[in-house]
Structures are given as C-alpha cells and as structure tokens.
Amino acid sequence: MPPSVLKHALVKPSTAKPSAASTRPVKKKREGVAGYVFLTPWMLGLMGITAVPMLGSLVLSFTNYDLLSPFTEVQWVGLKNYARMFGNDPHYLHAVRVTLVFGLVAVPLKLGAALGVAVLLNRERRFTGWFRGLFYLPSLLGGSVALALVWRAMWSRDGAFNTLFGLDGPNWINEPDFALGTLVVLGVWQFGAPMVIFLAGLKQIPTELYEAASVDGANKLRSFWHITLPGLSPVIFFNLVLETIHGFQGFTSAYVISGGTGGPIDATLMYTLYLYRTGWSEYQMGYASAMAWVFLVAIAIITAVLFSTGRFWVHYGENS
Amino acid sequence: MHRAAMSQGTSRRTLLLGALAAPVLAACGSKEAEQPAPMSTEPVELSIFWWGADARAKATEDALALYKTKYPFVSFKTTWQGNQGYYDKLATLAAGGNAPDIFQIDDGALSEYAERNVTLDLNPYMANKKLDVSKFPESLWKYGEVGGKLSGVPTGENTPGMIYNKQLITELGLTEPKTGMSWEDLISWAEPVYAKSGNKVYGTMDPSADYKALWMWLRQQGKELYANKAIGAAKEDLVKWFTLWKGARDRKSAPTADLIHEANGGDVTKQLVVTGTAATSFLWANQITEVQAKTKQTLGVMAYPGNPNAQWARAALYFSVARSSAKKDRAVDVINFLVNSNEVGKLWGADRGLSANLDVRKAVADGLTDATAKTAFAFETDMATKFGKAPAVPPKGHVKVRALLTTIAESVQYGKADAAAAADQFLKEANAALGA
C-alpha cells in the first residue's frame, strides 16, 4: 500500500488508544489479553515456522552440519563457513554477480514497464478494465513451475520466440550468454503487481495540478516530469523496495529452466539456487545456512540504502 | 536424533545444537512405533521410496503385492518420483528423521549416505542368512560395500552403454559401431554422419562432461577417476580428454555445445538419439528399453568405446535400509525377496539392471519376449565375460565432483575456457570437494 495510506494506518490507533486507557484501565488490560489471544495463531506460526528455524539456521551456520549425519557428529567450525564464502569459493562470488546483474537489470526494466503501462491504462476508455486485467494476468501465474516450463519451450531452438521473429536463433536458454537474459525477460513480463499499485498511485494525483500546468502551457512530457513523477514518488519508492527484495530472491524460474543446476556453465546460478544446491544436493547445510544469513544481511543493507536515498527524491504531499 | 545427543552428554555446543536445531529439522521425525519382534505377524507398514518412470512404478507395486500375498500382515507405503529432485527429497526426509525404511540409491550417492551412517550395515544379516546373496557374482554384491559395511544390496547389474541409432546408420549406408572400437575410431566413424544426413544429425554425442565416460577412458589407461579421497587423473589426462572432444566438435563429429548441454541434464526424453540430433547417446545399457520407448527409430547398444575390460560388474541400483528404521528385519526380508525371487525378476526384466541373482537372471532371460529387452540382456551377458576388476564405490563428495565436471567440461564446449585452464580448475575444485 502507498506510504500515505500506511501513515494513516499508523496514526489512527495511537490517537484512539489514550482515551480508552484513561477511562477504564481494567478493561484495557483485558482487551490486551484478548489481543494476544487473537494474535496467538499468528505468533505460533511466526515462532514455529519462521523465528525458531531462523535461529536454528544461525546456529548451524557456524557448524559443518551436512544434513545426513546425526547431530551428535556436528562440529562447531566458527567463522569458517563465512570465510570460505569470500575467500575460497569462486562459485559463490559468481552467484553473487549473477544475482546482482539480474536484480540491476530486471528491476528497473520491470518498474519502467509497469509505470509505462500504468500511465497508458490510467485514462478511462473502452475496454480499459479488460486491458488492466490482461496486463495483470502474468503476475497471477507468479513464480510458478508451469510458467517456467512454458518459458523453456518458448526459447528453444524451434520455440515460439525464434518462430515468431523468423530467426534462425539458438536455443536461448542453452546459451551461457543469453540464458540469464531470458530469465530477465520472464521477470519483466510479470509487471502486473507494481502496475496495479502505480495505477492506484496515479489516481491519487490531483487533476487540478494537470489543469493548472496545461493552462501555463506545459506539454505532456513536462507534466509527466514535474507532476506525475514527484506525485508518484512514494509509490515508486515502495515498488522499488519491494521489487528489489523480490528480484534478488528469484529462484523458481532459474531452478526450473536450468533443471536445478544453474547451468549452462553457472550462467543462471542465482544466489538462492546456489544456496539450495549447496544445502540439499551437496550436503553442506552449515555452509548453506551461512550463505542464507549473509543474504539476509545483504538485503537488509540494500533496503536501508534505498531508504536513505529516499530522502532526496521521494516527495510526500505535505512537503512539496 | 536429539535424544541421542542428550543421552551421550557430549559438549555443551552439541547440546545447544540439539536443543535449538533438532526440534527444527527433526521435528516431525521419530514417531517410531514400538519395535515389533523380529518376523512377528503383527500388522506392519513399510515405507519404500524410489525414482523411475511409470513402468518401474507398476512393476514395483506388482512385486510388493507378491510379497504381500505371502505375508498379508505387511503393507507398503510406496512413494516414487522422477529422477530429478529425488536425492533432494531423500536428503530432506533423512534429515528430518523420516528416512523411508527401504530406499533406492545408486553408486553415485551410496557413499554419501553410507559414510554418514544413514544406511544400515547389512553384514550381520548376510552372516545370519537373513539376506542371501550367495547366488550373486561376488564382485557385484561387494560393490555395495562402503568402508567394509554392506550399505546397499544391488538390485541388478548394469554397465554404461552407448546407445546408437541403428536404423539411421543403416539408412546412411554406414557400418554399425562395435564394442571395442577406440574413442578416436568412434569420432572418425561419426564424422560423415553430419554431411550424409543433410546437416541434420551429428555422428556422436560428446560425453566429455559425463563422469562415466571419463572414468572408463581413464581406466583404459590404467588410471581411476578416484584414488582414495582425490582425483586419480593428472592434469595431462584431463587436457587430453577435453582436447579429444574439442577435436570431435571441430570436425562436426559431435554436436554444438547447446545440444550437448540439453542432453547433459540426463533427462531421457532430451537425449540426442531421442531428439534425433545425434546418432549416439552415452547412457546405461539397460536404459535402451526406456529410450526405445521414446523413439520410432530402431536402436542398438554397445559398450563405451575402448577396451571393454575397463567395465566392471556394476550395480545398476541398490536397495538400502535406513539405520533409523524401526522395522529393519522386515525391511531386509523384503529386499531379500525382491532380489531373489524369480517372479519379481520376470516382472522387472532389465529395468533395475540384469537380475543380480544369477539363477533369477537365467529364468528371466529364458522368458523374455520383448526384442529390446532381449538386446539389453544379450549385451549385458556378453559384457559379463569381459569385466575387469571393480574399483571402490565413488567416495563422499562424488555428487559435487560430477556436477563440477559437467560445468567445467561445458565451459570448454562453449569455448569459454581452454582445456588446460579447465583441467586445472577441475582438479583444484574436485580435490577440495573430496577432501572436505
């Protein structure tokens, strides 16, 4: 949801609470208990499915746990796993590179496509609703296995892509120089979710601004540059953060398209795929756990950096 | 698992691990039913897990049904799936303490599981005659030993086989390749196929990324793929191997890298004899029935090139019993039945290799009707007269080495690395993986 909405959501309860608290403290306490009771299912899920396993993996990341040996044989290895990542594992650094390239290319392209189509679909015309639905459709299929399989077939030597453009092209997915590109295209194609959010954001920009601008003689491009982009910047920021995190985590398409190997010659060896392969196929779960934690910290840092740049280009209504 | 950690009262770290990690990873495990007395007639359910195609699933279910008619109180919980992802699933099950009572495994993974004590040592069962391998060739059942422990029972014997498109070769007016021809001869033989087929079909698959082929080629020069916990080949050997196949690709005897990559995935439907892009595929001899079912062309099978005495009595697959199983005795009895029963042998044919029990093998051979199955049997029977000494089962780390060879050989095939650099990289990374 756009940050403006988020702000409202945050503000409301804090204004409502004190009044209830000052009048009847006992009831508040009881409500508090009820609140926790209602939270229990979620808390249990969080603890059991997310928090405890995460802590477990943190512990394992300092061990040589190999998935199959009994726990009695697990040995503490200190920071060895972490050192290995950056000192002695060319495949790891390669996977980082592949993931960065994927993220840095796919995310801007996807957001650009989403914004472009959102602007086009913002005007009410006949069938606009239909088009919105159609453009959103690929996102519904999400990171599905079926889609990745279709993708494989599409980019093969005599697949849809070569046939459609009459190319005597290669099997794109089997070419180390292009395989990652096909994954990027697949990612970009699923721009529906950010598009819908952009559409909602566009609706929030007051039309008076455009009217005033056109009275002053501004053309469409300048209106877009000086009104749409600043007005939309909170939404762009939101989408950027979300898609960046999502982009770096890409797994399913790379797994299915490369048959789980990250091939050809590690061209599609995304970070999460290498992590998976290390843990489950090569029985180095301790090392894989360490990778997972570095990944978590890296994504947190990237997100923090994005937030810190936000000050310079994200305009919330009240400041402008 | 965590119970074991507690009782032995080892270091505090282990305790911490047990306390923190075990509930996570082993949470749903250890719902061990009360152990039934050996060979009791209490109703018992055994879980059994394998990979394979539909035909294997049906044959296996039928075989288990036969066991059930003998022992009606035994029931089976069968799970099977395709090859891809099988070991991921098995590892996850084992890690969670839910390893199936009986599971299928191959020599690529046997050491990984045996050295980590997932598999039950079957030697005691062999000693007290609960497991009868007396009719097996000795070298075959010994190929189930890892570090002195009998970790798997071979379901059958199998050898790598080069499957070729017999029909196409005849149509192009070429002679068929023959067991015993050298690797260089194969490449020369393959050269005219491309031009004669109107630039459609390459003569031979390039198996430089296939550890089976490399291993065979090394053995023909008196070396092994593995020497203890290291790679048995020297840099010059690997350079020679990569260069041999680079020559084949340059001469158009072997296909382009993208086609080779497609087949390297191992999927039967993607093999080049099936897709019609090459006249040979480097597989397992018994896979000819599976591959033949996917193509209308008539296929043949021969040994990998070079002297066939580099081959050995190799277990096609094994059945292993999980050490954590609560029904070990019954599980061993089921395996004993599956590998020694004539009826099961007939149901399975050559699907899990040529029956390990020689009496069963003979009975199966006598009853064969399918032409392809006959070919497979004839081939394997002939190979058995040529076998050399068996090496040790590939060591722990083999899975990673196999994947490394694929990646690194492919980098040569795609022209991204030269043979010398590839050989260096392979030796460095493979030895590191084996030493770990």
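This report describes a strand, a cavity, salt bridges and aromatic pairs in a predicted model.

## A covered strand in chain B

Strand S14 of chain B spans residues 318–321, and both of its faces are covered. B:Tyr318 and B:Ser320 are buried on one side, while B:Phe319 and B:Val321 are buried on the other.

S14(B) pairs with strand S3 (residues 102–105) of chain B; the two run antiparallel and are joined by 4 bridges. Within this pairing, B:Val321 in S14(B) has B:Ile102 standing opposite. Strand S6 (residues 153–154) of chain B also pairs with S14(B) in the antiparallel sense, over 2 bridges. Here B:Tyr318 in S14(B) is the bridge partner of B:Pro154.

## The second largest cavity

Rolling a probe the size of a water molecule over the atoms shows where empty space is left. The model has 5 cavities of 30 Å³ or more. The volume of the second largest cavity is about 90 Å³.

Residues that line the second largest cavity include B:Thr155, B:Leu338, B:Trp348, B:Arg352 and B:Val360. Helix H15 (328–340) and helix H16 (342–348) of chain B are the elements that give two or more residues to this lining. By residue type, the lining divides into 5 nonpolar, 6 polar and 1 charged.

## Salt bridges

Side chains of opposite charge can pair when their charged atoms come close. The count over all chains is 27 salt bridges. In one of them, the side chains of A:Lys110 and A:Glu243 meet at 2.9 Å, N to O.

In chain B, the side chains of B:Asp206 and B:Arg249 form a salt bridge of 2.4 Å, N to O. B:Asp206 sits in the loop between helix H9 (183–196) and helix H10 (211–219) of chain B, and B:Arg249 in helix H11 (residues 235–250) of chain B, so the pair connects parts 43 residues apart in sequence. Both B:Asp206 and B:Arg249 are buried. Another salt bridge, of 3.5 Å, N to O, brings together the side chains of B:Asp333 and B:Arg330. These two residues both belong to helix H15 of chain B and are 3 residues apart, about one turn of the helix. A network of salt bridges links A:Asp266, A:Arg277, A:Glu282 and B:Lys400.

## Aromatic pairs

Over all chains there are 43 aromatic pairs. The ring centres of A:Phe161 and A:Trp172 are 5.6 Å apart and the planes stand at 90°, so this pair is edge-to-face. A:Phe161 is in helix H7 (residues 160–164) of chain A, and A:Trp172 is in the loop between H7 and helix H8 (179–189) of chain A. A:Trp172 is buried, at 15% relative accessible area.

The rings of A:Phe237 and A:Phe307 are also at 90°, with centres 5.0 Å apart, so they too form an edge-to-face pair. A:Phe237 lies in helix H11 and A:Phe307 in helix H14 (residues 285–313), both of chain A, so the pair ties together parts 70 residues apart in sequence. A:Phe237 counts as buried at 6% relative accessibility. Ring pairs also link a cluster that includes A:Phe161, A:Trp172 and A:Trp189.

Methods
Residues are numbered from 1 along each chain as its sequence is written. Chains are lettered from A and ligands numbered from 1 in the order in which they are written. This is a predicted model: local features need pLDDT of at least 70, side-chain atom pairs count only at pLDDT 80 or more; totals for chains, interfaces and linings use all residues. Side-chain values use heavy atoms; hydrogens and water are left out. On a 1 Å grid over the protein atoms alone, a cavity is a set of points where a 1.4 Å probe fits but cannot get out, and a pocket is an open set with protein on both sides within 12 Å along at least five of seven lines; lining residues have an atom within 4 Å of a point. Grid points are joined across faces, edges and corners, and a volume is the space filled by probe spheres set on the points. Ala, Val, Leu, Ile, Met, Phe, Trp, Tyr, Cys and Pro count as nonpolar, Asp, Glu, Lys and Arg as charged, and the others, Gly among them, as polar. Buried means under 20% relative accessible area, exposed over 50%, partly exposed in between (1.4 Å probe, protein chains only). Two strands pair if DSSP finds at least two bridges between them. A salt bridge is a side-chain nitrogen of Lys or Arg within 4 Å of a carboxyl oxygen of Asp or Glu. Rings of Phe, Tyr and Trp (its six-membered ring) pair if their centres lie within 6.5 Å; planes under 30 degrees apart count as stacked, over 60 as edge-to-face and the rest as tilted.
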